[in-house]
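Here is a walk through a predicted model. Keep the sequence and the structure side by side while reading.

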Amino acid sequence: MNIIIALIGISLTVALIFLGLFLWSLKSGQFDDTYGPSVRMVFDDKKKKKK
Amino acid sequence: MALEVKEQLLCYHCGQVCEEQEYTSEDKNFCCYGCRTVYEILNENNLCEYYSYESTPGVNLKYVSEETYAYLDEPSVKKKLLTFNSDTFARVELFVPSIHCISCIWLLENLQKLTNGIVKSEVNFARKRVSIDYNPTVVALSEIARLMASLGYAPQINLSEEKKEKISSKDLLMKLAVAGFAFGNIMLLSFPEYLGLEGTETTLKQLFSYLNLALAIPVTVYSGRDYFSNALQSFRQRQINIDVPIAVGLAALFLRSSYDVVSQTGPGYFDSLAGLVFFLLIGRWFQSKTYESLAFDRDFRSYFPLAVHKKSGEDWIPVVIYELAQGDTIRMRNWEVVPADSLLLDTEAYFDYSFVTGESRPVKVKAGELIYAGGRLVGKPVSMVVEKKTSQSHLTSLWNKEVFQKSEESRYRKIIDLAARRFTWAVLGVALITAVYWYLADASQMWLVLTAVLMVACPCALALAAPFTYGNMLRVFGRHGFYLKNADVIERLSKIDTIVFDKTGTVTNGAAQLDFVGVIDDHELAWVKTLTSSSTHPLSNLITRSVKVNSTAPVIDFFEKPGRGIEGKIADHHIVVGSAEYVKFDGVLPELSSKVFVSINGQVRGYFKIETTVREGIDVLMQSLKTKKIAMISGDSDADLGKMKKVFPESASLLFNQDPHDKLGYISALQKENSKVLMLGDGLNDSGALKQSDVGVAITDDTGVFTPSCDGILQGNKLNQLNKFISLSRSATIILKTGFGISFFYNIIALSFAVSGHLTPLVAAILMPISSISVVGFSTLAVNLASNKILKS
């Protein structure tokens with residue numbers, strides 16, 4: 001049954017990593033504006049390169 | 001008289017109908033000079049891509065006043081605004097209310113192509129903010145602001161802004177994330193226990209229990225922290241609120257479960273604990289979702305200029321208005337708002353006091369007379385001496401009144417707190433009786449049963465009923481054009497029995513109706529329009545806007561006598577537009593209402609009759625409000641008394657000539673008679689009344705423009721639905737009380753388990769989520785059913 005203990009340890013670690021990632025993304029402001037980035041990727045930036 | 005619209009051209013920039021003379025550039029039509037200028041700037045800089053993301057994305061520039069941004073370069077102002085500042089790099093975040101589409105984002109993020117010195121700009125669409133990185137040695141902040149204003153994206157600068165709220169919503173999300181994470185994992189780790197582990201596997205059992213304990217610690221200490229601190233605070237204020245029984249329940253759950261685990265007597269109730277906190281936080285998050293882009297707490301500062309030009313020696317320097325002192329000489333320009341009560345230095349000037357009194361007709365002020373803060377200069381620039389500081393001026397002193405100082409929470413007692421108080425006493429009673437019983441029956445079981453009672457008595461479902469009922473209702477209201485500041489307003493709205501209307505802009509439309517009485521043909525009308533378009537007087541603007549025929553003939557010898565009239569020569573005809581006196585009208589003056597006379601070649605042709613029109617649907621609204629007490633309170637003269645009498649029922653009291661202080665006083669007098677007052681208003685002059693009333697609602701035809709501080713913003717075209725909103729709020733209260741009933745029902749079931757000593761972790765883990773989910777489901781469903789029924793009838 002030791003394998004279960006190892007598995008639980010791994011699964012908890014993975015879950016903790018995801019929690020940490022979510023908290024980090026929240027803190028870094030990724031959820032502040034959910035509309036802007038979705039249209040920003042549509043903008044052409046060809047002109048910039050010419051300059 | 002009816003006028004035909006010859007051609008309906010739409011402005012390429014802003015999409016509005018081109019009414020005035022035509023402005024064209026490269027075969028594109030524009031409604032005004034401002035729009036064309038923006039197009040030309042963009043065209044020159046190769047930024048016409050702006051028009052490809054959205055058709056007619058621009059912001060109309062017809063009525064933009066020229067604000068001065070020079071004060072932005074004052075070090076004290078800069079210090080407040082800049083989020084980062086060094087010699088060659090600075091970052092500023094500006095609030096731009098006119099951001100509304102993809103093109104706006106695109107243009108504002110390409111500002112660096114228009115000016116050197118801007119490094120990067122980024123738009124936050126949800127909050128309508130632009131963060132700009134720039135090099136202060138190359139470009140000044142005032143230049144950036146001026147550039148943005150010239151494109152139609154004037155930043156709105158508020159130096160006293162607070163950013164606290166945003167942080168707290170982020171904080172709540174983080175707590176929610178931690179609670180959710182722990183809840184999921186604890187449930188998973190509790191399964192083996194519930195399904196039955198075999199006796200031999202005690203190590204596993206213990207491991208799971210200790211892991212649960214470890215996961216529950218952050219839930220209690222971090223996610224549930226607010227409940228403990230709120231409970232403590234309410235103890236200090238000697239007012240029991242809903243957080244007290246929750247905090248007691250959480251503490252009981254945590255301590256009892258920890259004891260069970262450590263003493264190895266059981267698996268503990270950690271899954272119930274984490275689930276409880278998770279659900280409670282979801283409720284809070286749901287309720288806290290509000291309208292970020294709408295501002296509900298603007299005061300006079302949003303209307304006043306931030307800075308004016310003050311005389312210093314021989315020069316005029318920009319100063320922030322708070323720094324104005326008595327005796328300072330300031331200079332105002334056309335369309336600027338006077339920031340402090342002042343004495344006029346020039347011989348004569350006209351002021352539009354619509355902010356102060358609601359009356360929009362300009363008032364004449366002579367040299368040495370007092371001008372009240374909030375008056376707007378109409379006409380050429382004048383100088384004045386400051387008499388009182390901004391904060392002590394007649395209008396602004398309104399904000400020093402008590403009602404603006406108190407926080408909202410202390411003024412109203414909520415249903416939920418009342419319920420919580422009774423609940424807490426009942427639970428304490430039950431707990432005491434149970435403890436005494438078990439002490440006598442089986443003293444060793446007493447503590448276990450007592451903690452079980454406190455645990456299940458935790459009013460999770462009760463605490464969820466309010467946020468979900470009101471939160472859902474808030475969204476329903478929002479979908480129908482009624483935006484409330486927060487969910488508590490719904491509760492107050494349901495008790496309203498008196499409704500007070502403001503006149504201008506609320507009962508009447510902001511726009512006035514114009515009719516020409518007399519004989520005039522289309523050509524002549526077009527000339528009149530050409531003439532009036534050269535003047536900035538509000539009545540001239542109104543004529544320019546409503547006359548739909550155009551003439552290309554230029555005006556020669558234009559002359560304006562401020563406040564009297566204008567004249568000029570067009571196509572060899574001498575045209576005079578103005579007051580009866582000015583055009584030398586010697587007939588009998590027709591009935592009272594605003595009139596503008598027109599004479600052509602010395603012959604009076606007639607006059608424009610200007611009438612404010614009553615909003616559509618007001619009669620329906622008055623019909624539906626029959627059971628309530630109605631009053632109207634206006635800053636205007638009683639010229640419209642006859643018209644208002646037709647609109648309002650006979651029983652309504654109609655008051656005219658009321659200044660902002662009178663309005664506030666009237667509301668509080670009504671409240672002293674135990675009336676619950678709903679105030680409907682739209683201007684700065686209603687601010688006091690809106691704040692004093694139980695529910696203050698601002699009426700607006702465009703949610704993007706200024707609204708005074710209020711509890712809710714109602715779209716003008718939805719005003720006739722007001723009664724439906726009130727009855728909906730009443731059904732929300734009924735739904736809430738039914739939700740309480742459901743949650744009490746579950747609590748009684750759970751208590752019966754606990755009192756008899758049968759509350760196993762499994763029973764708790766099933767009962768608690770079920771009660772929460774059924775309350776949430778019931779209120780969501782009921783609110784939607786009720787809103788469908790009421791709003792569609």
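B:Gln264 has a relative accessibility of 53%, so this residue counts as exposed. Its place is the loop between helix H9 (243-262) and helix H10 (270-288) of chain B. The backbone there deserves a look. Phi of B:Gln264 is near 55°, a positive value in a residue that is not glycine. B:Ala571 also has a positive phi, near 45°, and is not glycine either. B:Ala571 sits in the loop between strand E20 (565-570) and strand E21 (573-578) of chain B. With a relative accessible area of 41%, B:Ala571 is partly exposed.

Along the sequence the pattern reads α-α-α. Of the 51 residues in chain A, 20% are buried. The chain exposes about 4,000 Å², and carbon and sulfur atoms supply 68% of that area. A nonpolar surface patch is formed by A:Ile3, A:Leu7, A:Ile10, A:Val14, A:Ile17, A:Phe18, A:Leu21 and A:Trp24. Together these residues have about 860 Å² of accessible area. Take A:Leu7 as one of them. A:Leu7 belongs to helix H1 (residues 2-27) of chain A. Its relative accessible area is 51%, and the cut-off for exposed is over 50%, so A:Leu7 counts as exposed.

B:Glu143 lies in helix H5 (residues 141-150) of chain B. Its relative accessibility is 38%, so B:Glu143 is partly exposed.

Now for the charged pairs. Side chains of opposite charge can pair when their charged atoms come close. Over all chains, the structure holds 13 salt bridges. One of them joins B:Glu93 to B:Arg129, with the closest N and O atoms 3.7 Å apart. This pair links distant parts of the chain: B:Glu93 is in strand E4 (residues 90-95) and B:Arg129 in strand E6 (residues 129-134) of chain B, 36 residues apart. B:Glu93 is partly exposed at 28% relative accessible area. B:Arg129 is buried at 10%.

B:Asp502 and B:Lys663 meet in a salt bridge at 3.0 Å, N to O. B:Asp502 is in strand E17 (residues 498-502) of chain B, and B:Lys663 is in helix H22 (residues 660-672) of chain B, 161 residues apart. Are these two residues buried or exposed? Both B:Asp502 and B:Lys663 are buried.

A further salt bridge pairs B:Lys629 with B:Glu673, the closest N and O atoms being 3.9 Å apart. B:Lys629 lies in strand E24 (residues 629-633) and B:Glu673 in the loop between H22 and strand E26 (677-681) of chain B, so the bridge ties together parts 44 residues apart in sequence. B:Lys629 is partly exposed, at 41% relative accessible area. B:Glu673 is exposed, at 54% relative accessibility. Elsewhere, salt bridges that share partners join B:Asp171, B:Lys175, B:Asp226 and B:Arg284 into one network.

What about cysteines? A disulfide is a covalent bond between the sulfur atoms of two cysteines. With a cut-off of 2.5 Å between the sulfur atoms, the count is 0 disulfides over all chains. B:Cys460 is buried at 4% relative accessibility. B:Cys710 is also buried, with a relative accessible area of 4%.

One last pair spans chain B. B:Leu195 and B:Thr738 are 543 residues apart in sequence and 36 Å apart in space, C-alpha to C-alpha. B:Leu195 is in helix H6 (residues 164-195) of chain B. With 70% relative accessibility, B:Leu195 counts as exposed.

Terms used: Residues numbered from 1 in each chain as written. Chains lettered and ligands numbered in written order. Predicted model: local features only at pLDDT ≥ 70, side-chain atom pairs only at ≥ 80, totals over all residues. Heavy atoms only, no water. Helix = DSSP H or I, 4+ residues; strand = E, 2+ residues; numbered from the N terminus. Buried < 20%, exposed > 50% of the residue type's maximum accessible area, 1.4 Å probe, protein only. Areas by Shrake-Rupley, 256 points an atom, 1.4 Å probe, with all protein chains shown as cover. Patch = residues over 30% accessible without salt bridge, like charges linked within 9 Å, V, L, I, M, F, W, Y side chains within 5 Å. Salt bridge = Lys/Arg side-chain N within 4 Å of Asp/Glu carboxyl O.
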